[in-house]
Protein chains: 4
Amino acid sequence: MINLASDNVMGASQQVLEALIAANHGAEAAYGSDHHTAEAEEMLAEVFEHEVKVFLVATGTGANALALAALSPPWGAIFCHEESHVADDECGAPEMFTDGAKLIGLPGLNGKFTAERLETAIARYPKGVVKAVQPAAISISQVTESGTLYSLEEIARIAEVARKHDLGLHLDGARFANALVSLGCTPAEMTWKAGIDVVSFGATKNGCLACEAVVFFDPARAEHFPFRRKRSGHTLSKGRLLGAQMSAYLRNNHWLDNARHANAMAKRLVDGLSTLPGVRTPWSTQANEVFAVLPKSTAKSLADAGVRAAPWYELSVSLSPDQKIGSNEVFWRFVTNFETKAEHIDQVIALAKG
Amino acid sequence: MINLASDNVMGASQQVLEALIAANHGAEAAYGSDHHTAEAEEMLAEVFEHEVKVFLVATGTGANALALAALSPPWGAIFCHEESHVADDECGAPEMFTDGAKLIGLPGLNGKFTAERLETAIARYPKGVVKAVQPAAISISQVTESGTLYSLEEIARIAEVARKHDLGLHLDGARFANALVSLGCTPAEMTWKAGIDVVSFGATKNGCLACEAVVFFDPARAEHFPFRRKRSGHTLSKGRLLGAQMSAYLRNNHWLDNARHANAMAKRLVDGLSTLPGVRTPWSTQANEVFAVLPKSTAKSLADAGVRAAPWYELSVSLSPDQKIGSNEVFWRFVTNFETKAEHIDQVIALAKG
Amino acid sequence: MINLASDNVMGASQQVLEALIAANHGAEAAYGSDHHTAEAEEMLAEVFEHEVKVFLVATGTGANALALAALSPPWGAIFCHEESHVADDECGAPEMFTDGAKLIGLPGLNGKFTAERLETAIARYPKGVVKAVQPAAISISQVTESGTLYSLEEIARIAEVARKHDLGLHLDGARFANALVSLGCTPAEMTWKAGIDVVSFGATKNGCLACEAVVFFDPARAEHFPFRRKRSGHTLSKGRLLGAQMSAYLRNNHWLDNARHANAMAKRLVDGLSTLPGVRTPWSTQANEVFAVLPKSTAKSLADAGVRAAPWYELSVSLSPDQKIGSNEVFWRFVTNFETKAEHIDQVIALAKG
Amino acid sequence: MINLASDNVMGASQQVLEALIAANHGAEAAYGSDHHTAEAEEMLAEVFEHEVKVFLVATGTGANALALAALSPPWGAIFCHEESHVADDECGAPEMFTDGAKLIGLPGLNGKFTAERLETAIARYPKGVVKAVQPAAISISQVTESGTLYSLEEIARIAEVARKHDLGLHLDGARFANALVSLGCTPAEMTWKAGIDVVSFGATKNGCLACEAVVFFDPARAEHFPFRRKRSGHTLSKGRLLGAQMSAYLRNNHWLDNARHANAMAKRLVDGLSTLPGVRTPWSTQANEVFAVLPKSTAKSLADAGVRAAPWYELSVSLSPDQKIGSNEVFWRFVTNFETKAEHIDQVIALAKG
């Protein structure tokens, strides 16, 4: 079986696993006061070239929901892409953690919304008008749910809108590393220099087992976070589990190497698939995800041969009308990861070729 | 340093760590559909000799809050000991997860409340009286926050009240194994046979890194649990992390061996401390926790020598009036664990002896 | 001043006011156990020709939010028009009362969505898929936010989708009477016969001071409602205030007479305005609201003469592209009520004529 | 029937009713922007001799829950008497409106807790300790649930604790006027001069139909209140209903006259009952409530003759051990109001005398 359904199907990378083993020995203070967590926090400050407030948690949904709760009151509006993970794939976690804020889903091709569309949406909820939920935050995903990227300019334009309306700007970086190496910029450039206030810095998909960091660039925004994290059950008692993963993940550019590999495998896959008749890739492959429209017969061959991909939402608003999925087609997502083997990719392409 | 402040200061046991390493290899379905989780579920069914619905999570607070949310509507009352973990040590997680249910804290010596006191409390909130929150659930801790145990008879009496008023009965088993080996009964006897509906089955403190199971004996009560877990960010994407821990924890009675060791170390400690002049242990040591009232001078010697214990709440309602902490005394909790060394215990006793 | 900004600008009708005066005398049981409330409940059963569970509250937002909370769990999805009152004009009340359910706003011209569009939206949230909020309810407004009406056939088609997916169907009837007399059907036909499960039966705008009824046709759905109402502070202690208003409102077809008058005044207004050059009414006037696009100069004349209307949202998705508001135009809502005078309407028309 | 079960059994006073009638005529701006509301706000500023932020709502539960939500985050602790209205009689409204804050019920005789007991309770939840909910607010009732009063000195001592720990201090004044005339002080003295931050200023029980004001002395605390009120459905569209009641209530000392009358009637009742053999009044009658322990035979005579009182909670913690209710006794609450007739009181006494 070649499992490309998700980057969650792999365990930890060897480097992360070894760090877990090494960190297991001896007594450590509980609840995140351990040395490994402290080290991870310092490393993230270096990575971002900025003072940061860091909170490690075990899941991306926890990270996103806690981050958004730090930005929005219960009567707040949080603007995001209509098909973003926070809007559609977390079973309402942001609504739970914010105590009922409203996520305003914006349409947009390729998994992205524009600053202009954002402005229009904000105008619907005027500040101070009591019947309207109050604009509070914006959340963008980098990598997006369509496997695409916002350019630094696009982020900056959205950030400008955020500043203009005094909204917090959150970046869901479940695949932060994959985006970063693709853009070829620094973590600082992709975040606070572009106007991001809070990052869900994902590590699970790219080498860890269960580790994400919520990273604040302004400590004031993090004031109540320790209570929110504890209250939601996301403060691990044996904090070393998180601290050891994150510090190992960051050490010696391990995270960047992992992401580069995964991205390269995705490129190899998309390059191979694109040449095949009847195969379309409506969204450009900018990181480690390939979204492909395949003839049903091709899909069947792959499935029969044990290739696993994730059937995708065929009515996605991120598809333009001329990209509609036909009745003889399927829409599949392939995700590569830090351990994906080139020969597996080649096998998939060969199988698709038939 | 000899750290007896908590059973959270240790990492994983060797057996659990090795299982994590072994489970790391290869692709596995995400979000708890992996083989390790399936195995853990089967093993828990065997452990409890009952059909069970099992949900693995990474934290005890997550487990407790999710379990209580399955038992109580937002307008429900949940009866528990006034100083229970759910009432006092989870920053209001049960209130968050139940969307605002009310925890009714019952007083009681030794960390326990009685069936009689419970009846009185329930009477305050008559069923159908709209202004009153509605009795919905009872939560007991086994081991209690005072390191003591409910006897099977005491649990059964509380369960009788639960049945009489149609309330769900939750057992917070953060130290389930320590209680079990101390009582010398079976998991079934301490739970569903005694009338328990849902268990927070703790494994973190006794050998895992981050793993707890919410165990339901009636699948109907678990109907909405998958959504609650996902929505609260407690569904790990790489479910093998939890599944591998739990199955290793249960394999070959590892969990019971660990608990027996920890309990023996606690007994060794309390036996040694009890003989010392000026030292009192107001709550009997029934599991792996020793609560000791020490002369300040003794405490200072221990602290100076690098012994870590947890200062405890001196105004605890679980202390009887004649057990009050004097002005020259401190109240400390010592917790032993699966790796605590006998020579360390002896060292502590020797240091306390002065 | 001629105030047509809202139907909330008037007090109570004479008949309702007199009932309040009459009901004021003597002792009555509190919290809705009074005779007036009982009478109102009986009258609503007659009005709807069905067994009903009735809960009186003082506000439309309270009625809607409580009704939706009865239909959706916190992880539920509630489908409604993108610009419906529950979605946009209640500051997130449905999210608060449901403890964080997600309102899925559907686009649609004329303030209405179609059964087809609804089906597409539901498909995005498959039942049993844990990451997706779970389809739970549908809410339609009758009169819509665009002053239009769903035909009985349109309601029935939406109800079919509701039944197919086992979703509760809510009707926001803030202007129930205005819709009813316009359609010329019975209350039963516009509700349970068409497949509606719960109605927010508005009375405030059409003759009361503060009175709405939440009406359930299936008592099982109302099981927890008394606790929800109390817990949200919507159970009035002196229930006669609500009971007396509602029974007076319904007596001798007072509510229908009021609605007929208001609708007739709106028709008079729209008929007058339509003939004027440069004036457009993009949404058809089916009840007591006229939405008019006016030249700025006309609007200024009206405002200067003391005519009050409500500036409307110019980017409304209920406008088709060819109905866009021009830069020399304004978009205004005029609302007539049970006391609106024909001569005032004529005055407005004359002023608009210039 | 003589109904003394509650002060909610009466309608509006004549003065208030007439004001409602007078206010009914003509168009008024909606949602609290009407002239009557403006007038009520000004009058309350005069009553309190202080700048105030005033929010009118229709219910006491709404007022209390909204006020507490303005003082406490979801992870906050709100200290109140164990049997206070907010703790026991609002079906968890404070928990709902605060999104899950924890009400810490303090014991205390006569419906009151002491500053000392409060200090002990606060010590249990240290500021900054993440596992503990964070002390946020204190709520006292004046009149208490036992019909007693805090002296100004007692309030000041509690306020001192509030200031020391930086906690907001709320006064539940459902019977504010009854307390005020009993103490013979000014509204300022009973509130901000004594250290109160927010008042639920009740008017419903003492002459209105449905009207309470939440009064803030520091506008900063009220910053988000408009959104909270709207979002909870407590912003009435026809605001004149509330504004007209409140301004009439305050005009010409009407509210104080009403309260004086009610208190006098209670005094007349308690004076009469006290002389009867076998009758005890465990809590002193300081306002308009008489709590009496009656022989069952006496109670039967009263009930048979059509006297209505409210059976009270016999296990109340506000009773000292020597005040326990015997098996041949009942515990009843009698409440007088602004319209209670002296001859009715005398009749009750005569009936009790038997």
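Chain A has 14 helices and twelve strands, where helices (H or I, at least four residues) and strands (E, at least two) are DSSP runs, numbered from the N terminus.

Q: Before we start, what kind of model is this, and how are things numbered?
A: This is a predicted model: local features need pLDDT of at least 70, side-chain atom pairs count only at pLDDT 80 or more, and totals for chains, interfaces and linings use all residues. Residues are numbered from 1 along each chain as its sequence is written, while chains are lettered from A and ligands numbered from 1 in the order in which they are written.

Q: How do I read the radius of gyration of chain A?
A: The radius is taken over C-alpha atoms, and you hold it against the globule rule, 2.2 Å times the number of residues to the power 0.38. For chain A it is 20 Å, close to the 20 Å that the rule gives for 354 residues, so chain A is as compact as a globular protein of that length. Along the principal axes, its C-alpha atoms fill a box of roughly 55 × 55 × 30 Å.

Q: What share of the residues in chain A is buried?
A: Count C-beta atoms, placed from the backbone: a residue with 20 or more others within 10 Å of its own is buried, one with 12 or fewer is exposed, and anything in between is partly exposed. In chain A, 64% of the 354 residues are buried.

Q: And what share of the contacts in chain A joins residues 24 or more positions apart?
A: Two residues are in contact if their C-beta atoms, placed from the backbone, lie within 7 Å. Among the contacts in chain A with a separation of 6 or more, 78% are between residues 24 or more positions apart.

Q: Where is C:Val317, by comparison?
A: C:Val317 sits in the loop between β11 (310-311) and β12 (329-335) of chain C. With 16 other C-beta atoms within 10 Å, C:Val317 is partly exposed. Beyond its neighbours within four places in sequence, C:Val317 touches C:Glu82, C:Glu83 and C:Pro107.

Q: Now helix packing. At what angle do α8 and α12 of chain C cross?
A: Axes are lines fitted to C-alpha atoms, for helices over the stretch in contact, and angles run from 0 to 180 degrees between N-to-C directions. Under 35 degrees counts as roughly parallel, over 145 as roughly antiparallel, 65 to 115 as roughly perpendicular and the rest as oblique. Helix α8 (residues 176-183) and helix α12 (residues 254-274) of chain C have axes that come within 8 Å and cross at roughly 75°. That makes α8(C) and α12(C) roughly perpendicular to each other. Among the residues making the contact are C:Leu180 and C:Val181 of α8(C), with C:Trp255 and C:Leu256 of α12(C). By class, the contact has seven nonpolar, four polar and one charged; Ala, Val, Leu, Ile, Met, Phe, Trp, Tyr, Cys and Pro count as nonpolar, Asp, Glu, Lys and Arg as charged, and the others, Gly among them, as polar.

Q: How many residues of chain B are in contact with chain A?
A: There are 40 from chain B, in contact with 40 of chain A. Elements of chain B giving two or more residues to that side include α1 (14-23), α3 (60-71) and α11 (240-250). The chain B side divides into 20 nonpolar, 15 polar and five charged residues.

Q: What about chain B with chain C?
A: In that pair, 13 residues of chain B are in contact with twelve residues of chain C. α10(B) gives the largest share of the chain B side, four residues. A rotation of 180° with 0.0 Å of shift along its axis superposes chain B on chain C (RMSD 0.0 Å). The copies meet through the same surface, because 92% of the interface residues of chain B are also interface residues in chain C.

Definitions and conventions
Least-squares fit on C-alpha atoms with pLDDT ≥ 70 in both.
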